[in-house]
Amino acid sequence: MSDQPFSRRRLMAGAAASVGAAMLPVVAGNPAAAHGTGAPTPFRLGIASGDPLPNSVILWTRLVRDLYDAASLRRPVEVSWQVAHDERFRRIARRGVTQARPELGHSVHVDADGLEPGREYFYRFRALGEISPVGRTRTAPQPWADPSRLSLGIVNCQDFQNGYWPAYWGLAEEDLDVVVHLGDYIYEYDPRSAYADRLHVAPETPGLDQLRTLGDYRNRHAQYKTDPALQAAHAAFPWIVTWDDHETENNYAGRLDEIDDTGAARQPPEQFARQRANAYQAYYEHMPIRANLRPGSSDLRIFRRFDFGRLARFNVLDTRQYRSDQPGGFPGDFGLESAGRSNVTGTLTGEDQERWLHQGLLRSPARWNVIAQQVMMSRTRFPNPALVPPTMTNLDQWDGYAPQRDRLLGLLAAGRVANPVVLAGDIHSTWMSDLRVDFDDPDSAAVAVEFVATSISSDFPAAFDAPIKAANPLLNPHVRYFDGSRRGYLRAKLDRHLWRTDVRVVDTIASRQSPVYTSASYAVESGRPTVVAA
């Protein structure tokens, strides 16, 4: 945890200052309305850190002159950086100089190494005569260390147009070691919002409800990054990020377009691969991630692993890039459970990533083995409003790939993997469940637990909340808790004996400020894979 007091007020002020001039009016979602009126600081998208290792961490920023025109900075720019033991930078730990290059949107990814394990640090950048806000980060413990505790935030699904992000102000005030973002960092849809200052910046080709070009994706990421609450949360902690679908396109699978696309929105795989390459590059340019990007390539490996001593191992998955198509061809990928049960050749991860995951679980020295990924793993039957059939299944989740889920849960049981915990997002609601090899036998032993985080702002239909709560005891008896009514995040605190998850929520996203509070708390004891009220 924190080695010394950190001025949250100074952090908040820094985020607000860097954002202030960036919050430009976007008339009818048109970026041209904002051109030429920006403040001189090049750090209007904030700063961030991520992917903490025992001796290094990624430091990120992206320089901008015009928020929505990457070409407004045409040449490479020299950027200096510092890492210090104190927030006033009186004791410098590391420093260096790098280049922000136009071919990567003048993004900066510094792998600041030579740091001490398990330590808190502060960092900042200097470029074009300006100094960035200060961020705080933390390295992971040594692999053989046995830390007594770990605290993390779990976030996902932040639709800019659906409302404001007061939950991120609350997150920035938490006492955490790391934040895990499980995807849907941006949304691809055309400008359409109840809030005039939350309209998406328009893409080059309006009307498709999609992003296509590198400029489209860069502009959308830049717009999201201007939010002061998000900037404050990034500046407060290192983040471990992974994408889901909306960073590219809703419910895409591998190189296959969304099933519901028609007309000009529908693309063959070779055309969609170019769109995916643009999406992946823009994602890399805006995230504090350790990855090997090849500009123009539609491939980017982001599945990776993080150890926090012998206390916890995090296996971070990518369930989009390598997946096979959702089975059945149902509109919206909601359909019959049998389609997922019979999907014997289907995969969410691809063979290589599945093998990598299995090896990382079986060889882990950690007390807690975390699978951080995008979509709900628990079998989930939803009541069908049409009544025939009586239930439906979301085949975009693990329910669409049930044989692969069976392999994974069977491996956890047979391999006696210590304390498996699955993290998920995507569904804009909170779920806490026991995971069983045989979901049809409620008396069978659980082999893992799952915590699904609600969204920061993305919508869950209010009409679905009460029917699901009423149906879960019968249809999904392994679900211990569900709530679709509130937005927020999860806060997890774990030690050698107990994992505790608090549901942290806000009452409204219709305003920038709304207090964060705990609506429920559940726990898992080491050696007993079942979720209980705390």
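**Reading the sheets, a helix and the cores**

Author: Helix α7 (residues 351–362) lies across β12, β13 (312–316) and β15 (368–372), and runs at about 175° to β13. Please note that this is a predicted model.

Reader: Which other helix packs on the sheet, and which strands does that helix touch?

Author: Helix α9 (residues 462–475) does so, touching β19 and β21. The direction of α9 makes about 170° with that of β21.

Reader: In what order do the seven strands of the open sheet stand?

Author: In general, strands of a sheet pair through backbone hydrogen bonds, in either a parallel or an antiparallel sense. Here the order is β12-β13-β15-β18-β20-β19-β21, and the pairing is mixed. At the edges stand β12 (304–308) and β21 (479–483), each of which pairs on one side only. From one strand to the next, the twist averages 20°.

Reader: How many bridges join strand β19 to strand β20?

Author: Strands β19 (residues 430–436) and β20 (residues 446–452) run antiparallel and are joined by six bridges. Within this pair, Leu435 stands opposite Ala448 in β20.

Reader: Which strands form the open sheet of three?

Author: That sheet has the order β14-β17-β16, with antiparallel pairing. Its edge strands are β14 (334–335) and β16 (382–383), each pairing on one side only. Two bridges link β16 to β17 (residues 391–394) in the antiparallel sense, and Phe382 stands opposite Met392 in β17.

Reader: How should I read helix α5: is α5 mostly covered or mostly uncovered?

Author: Helix α5 (residues 269–285) has 17 residues and reaches 24 Å from its first C-alpha to its last, close to the 24 Å expected. The helix is mostly covered, as 12 of its 17 residues are buried. Among them are Phe272, Ala273, Tyr280 and Tyr284. The buried residues of α5 pack against β2 (57–62), β5 (107–112), α3 (214–225) and β11 (238–241).

Reader: What does the largest nonpolar core contain?

Author: In soluble globular proteins, nonpolar side chains tend to be buried together. The largest nonpolar core in this model has 42 residues, and those with the most contacts inside it are Val155, Tyr168, Leu171 and Trp239. The elements giving two or more residues to this core are α2 (166–172), α3, α4 (228–236), β11 and α5. Helix α5 gives the most, with six residues. Apart from this core lies another, of 34 residues, including Val178, Val370, Phe451 and Tyr481.

Reader: Which residues does Leu171 touch, not counting residues up to four places away in sequence?

Author: On that basis, Leu171 touches Gly153, Val155, Leu176, Val179, Ala233, Phe237, Trp239 and Tyr489.

Methods:
Residues are numbered from 1 along each chain as its sequence is written. This is a predicted model: local features need pLDDT of at least 70, side-chain atom pairs count only at pLDDT 80 or more; totals for chains, interfaces and linings use all residues. Side-chain values use heavy atoms; hydrogens and water are left out. Two strands pair if DSSP finds at least two bridges between them. Helices (H or I, at least four residues) and strands (E, at least two) are DSSP runs, numbered from the N terminus. The expected span of a helix is 1.5 Å times one less than its number of residues. Buried means under 20% relative accessible area, exposed over 50%, partly exposed in between (1.4 Å probe, protein chains only). Contact means heavy atoms within 4.5 Å. A nonpolar core is a set of buried Ala, Val, Leu, Ile, Met, Phe, Trp, Tyr and Cys residues joined through side-chain atoms within 4.5 Å. Axes are lines fitted to C-alpha atoms, for helices over the stretch in contact, and angles run from 0 to 180 degrees between N-to-C directions.
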